[in-house]
Amino acid sequence: MKKSLIIISTLLFAAFNSFAQGCMESTSSDSGPKIIGYLQPEFRYELNGDNADGTSKDAASWCFRRARIGLTGTIPYDFSYYVIGEFSSFQNGPYILDAFITYNRFKPWFKVSMGQFKKPFGLELSTGCQDLYTINRSRVVEELTAPDRDLGIMLSGTSGTKSFFGLTNENLISWSLSVTNGTGKNVFDGDLSKDVVGRVVLSPFDFLSVGASYMTGKKKNADVTVKEKDEKMRYGADIQIKKYNFILQAEYVYGSDKGSKLVGGGCGATPELVMGNFESNGYFAQIMYNTKYKVMPVLKYEYYDPDMKLENYDHTAYSVSTTTFGLNYYPNDWTRLQVNYLYRSETSSSSELINFNEYPNDMIQLQLQVKLN
């Protein structure tokens, strides 16, 4: 714990300059309403091994990972609006995903947004689904930031072209602070407790960004007989380096939950509530290379421990590491093809074979994406 706090304090001195309140942004410069969105049909092949009688448990299916359509635009002179819906039945659609109004009279230094938006926590969550380098987000990010969207108010801004300490990089400092219900998207809050999420990013050079994030909140326990409110706390640190056609990203997240926690729920999915007290942490690191052939190889490693207090031979709380071997192809600015192979390994601290948690659950994914703007 102490080492993690030292690392985060250090990373506060450098960061990633993107605070994606919504799912995506329009590329058009017109002030009127603009259609935004993207489609992501996907094929999955799950390598689940064999049954006792030798028959295969493998599964394969086509699905719509996401189907999102919305509108964005500006209203003279100082307001803008953004609304996008999820229409994929595989994400329990249709429903409103993001919808907020922004007052931007003092941009880029200061903006105020009100409505439903993505929490400003971490590098990978701040990256829109359509811009991820792998098909899936890291499990540690999906679980420890759930619910990823919420209703409330957000303050944000950047330093713009101002220079500090002799550093002249544009948007040297970026920041964001939100106060939200803490109940997730499209849900009314029935008490006074709210979630507070903050993020600071420093970009001292064009090729380097480092960020730190913090989240805290309380809510009523799902058990009406429990009077004490559930508590949660998250902190994280991340770094991004872009140099010589290489892109390196890494992020660490720690979470503490008292009373209950949410499991899953990334990218619009509905998280599951689990009762108890938990300490969780994890990280990911990935490297990509932009070739001249519009092809990008990707290598990603991630680790997640859902309950740091329990030994890894307890099947309810084993640690999981995933290595993703990926290949991205960009035929144009609006289309992307991704192929991922996920090798998953469950950790065991027991030397007894019966307690070893490794089991067949690798996956092959293929996803085609088309942006509407």
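# A tour of the predicted model

Both D257 and R234 are buried. Select these two residues to begin; the model is a predicted one. D257 forms a salt bridge with R234, and their closest N and O atoms are 3.0 Å apart. D257 belongs to strand 11 (residues 246-258) and R234 to strand 10 (residues 230-243), so the pair ties together parts that are 23 residues apart in sequence.

## Further salt bridges

The structure holds 14 salt bridges. Select R65 and E42 next: they form a salt bridge whose closest N and O atoms are 3.0 Å apart. R65 is in strand 2 (residues 59-75) and E42 is in strand 1 (residues 34-47), so this pair links parts that are 23 residues apart in sequence. Are the two partners buried or exposed? R65 has 9% relative accessibility and counts as buried. E42, at 1% relative accessibility, also counts as buried.

E86 lies in strand 3 (residues 79-86) and R68 in strand 2, so the pair ties together parts that are 18 residues apart in sequence. Both E86 and R68 are buried.

## The nonpolar patch

Select I35, L39, F64, I69, L71, V83, F87, F90, I96 and L372, which make a nonpolar surface patch of about 860 Å². Strand 1 and strand 2 are the elements that give two or more residues to this patch. Which of the elements gives the most to the nonpolar patch? Strand 2 does, with 3 residues. L39 is a residue of strand 1. Its relative accessibility is 31%, so L39 counts as partly exposed.

In soluble globular proteins, nonpolar side chains tend to be buried together. To see this here, select F121, L125, V140, V141, L144, V197, M215, V253, F284 and Y304; these 10 residues make up the largest nonpolar core. Helix 3 (residues 139-144) gives the most to this core, with 3 residues. Apart from this core lies another one, of 8 residues, including I36, Y82, L97 and F117.

Go back to L125 and show its surroundings. Leaving out residues up to four places away in sequence, L125 touches K118, K119, R137, V141, T145 and D148.

Select residues 173-180, which are strand 7, and residues 195-205, which are strand 8: the two pair in the antiparallel sense over 8 bridges. One place to look is S176, whose bridge partner in strand 8 is R199. In the loop between strand 7 and strand 8, select N186. The phi of N186 is near 60°, a positive value in a residue other than glycine. Most residues other than glycine have a negative phi, and most peptide bonds are trans. With a relative accessible area of 44%, N186 is partly exposed.

Strand 8 also pairs with strand 9 (residues 208-219), in the antiparallel sense and over 8 bridges. How many residues does the hairpin use to join strand 8 to strand 9? The hairpin joins them through 2 residues. Find V196, which stands opposite T216 in strand 9.

Move on to strand 14 (residues 278-289) and strand 15 (residues 295-305), which pair in the antiparallel sense over 8 bridges. G282 stands opposite Y304 in strand 15, and Y304 is also one of the residues of the largest nonpolar core. Strand 14 and strand 15 form a hairpin with 5 residues between them, and K294 in the turn has a positive phi of about 65°. K294 is partly exposed, with a relative accessible area of 46%.

Strand 15 pairs in turn with strand 16 (residues 320-329), in the antiparallel sense over 10 bridges. Select E302 and then T322, its bridge partner in strand 16.

## Two cis peptide bonds

End with two peptide bonds. Select G93 and P94: the bond that joins them is cis, with omega of about 5°. P94 lies in the loop between strand 3 and strand 4 (95-106). Then select A146 and P147, also joined by a cis peptide bond, with omega of about -10°. P147 is in the loop between helix 3 and strand 6 (149-158).

Conventions
Residues numbered from 1 in each chain as written. Predicted model: local features only at pLDDT ≥ 70, side-chain atom pairs only at ≥ 80, totals over all residues. Heavy atoms only, no water. Core = buried A, V, L, I, M, F, W, Y, C linked by side-chain atoms within 4.5 Å. Buried < 20%, exposed > 50% of the residue type's maximum accessible area, 1.4 Å probe, protein only. Helix = DSSP H or I, 4+ residues; strand = E, 2+ residues; numbered from the N terminus. Contact = heavy atoms within 4.5 Å. Pairing = 2+ DSSP bridges. Salt bridge = Lys/Arg side-chain N within 4 Å of Asp/Glu carboxyl O. Patch = residues over 30% accessible without salt bridge, like charges linked within 9 Å, V, L, I, M, F, W, Y side chains within 5 Å. Areas by Shrake-Rupley, 256 points an atom, 1.4 Å probe, with all protein chains shown as cover.
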